[in-house]
Amino acid sequence: MENNEALHLSCFEIISQVGTARSCFVEAIDLACDGEFEAARAKAEEGDAFFTAAHGVHTTLVTQAAQGDAPVADILLIHAEDQLMSGEDFKILAERLIRLAERAGVAA
């Protein structure tokens with residue numbers, strides 16, 4: 001990638017979007033624990049939208065690399081990818097914990 005500034009902006013976009021997604025997933029888990037299942041699902045969907053946006057930015061970077069314009073791997077890119085993977089873990093856990101709380105009959 002010829003422009004480090006563009007790469008860094010993409011990294012910050014990933015970090016920002018996935019950070020918001022992770023916050024939504026944690027809030028969804030808290031809502032499910034309180035028996036607020038509809039609100040929990042809505043908050044998880046909101047988080048998924050942020051996660052999808054972050055993933056889209058990452059996909060653009062991967063596409064550029066596949067086309068021979070690989071970004072320089074620096075600490076910011078590594079951090080962004082780490083945050084993306086962590087966000088995916090939170091997404092999976094939130095979905096499963098909401099279902100588990102519903103099955104357990106957690107009441108508000």
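In which helix is I98 found? I98 is found in helix α3, residues 75-104. A word on conventions: this is a predicted model, where local features need pLDDT of at least 70, side-chain atom pairs count only at pLDDT 80 or more, and totals for chains, interfaces and linings use all residues. Residues are numbered from 1 along each chain as its sequence is written, and side-chain values use heavy atoms, with hydrogens and water left out. Helices are DSSP runs of H or I, at least four residues, numbered from the N terminus.

Is I98 buried or exposed? I98 is buried, at a relative accessible area of 5%; buried means under 20%, with a 1.4 Å probe and protein chains only. Beyond its neighbours within four places in sequence, I98 is in contact with A28, A32, F37, A40, R41 and A44, contact being heavy atoms within 4.5 Å.

Other buried residues of α3 include L84, G87 and A94. The cover over the buried residues of α3 includes α1 and α2.

Now those two helices. α1 (residues 4-33) and α2 (residues 37-66) pack at about 165 degrees, with axes 8 Å apart; the axes are lines fitted to C-alpha atoms over the stretch in contact, and angles run from 0 to 180 degrees between N-to-C directions. α1 and α2 are therefore roughly antiparallel, the term for angles over 145 degrees.

Last, the end of α3: G105 follows the helix and has a positive phi, near 75 degrees.

Key
Parallel < 35°, antiparallel > 145°, perpendicular 65-115°, else oblique. Buried < 20%, exposed > 50% of the residue type's maximum accessible area, 1.4 Å probe, protein only.
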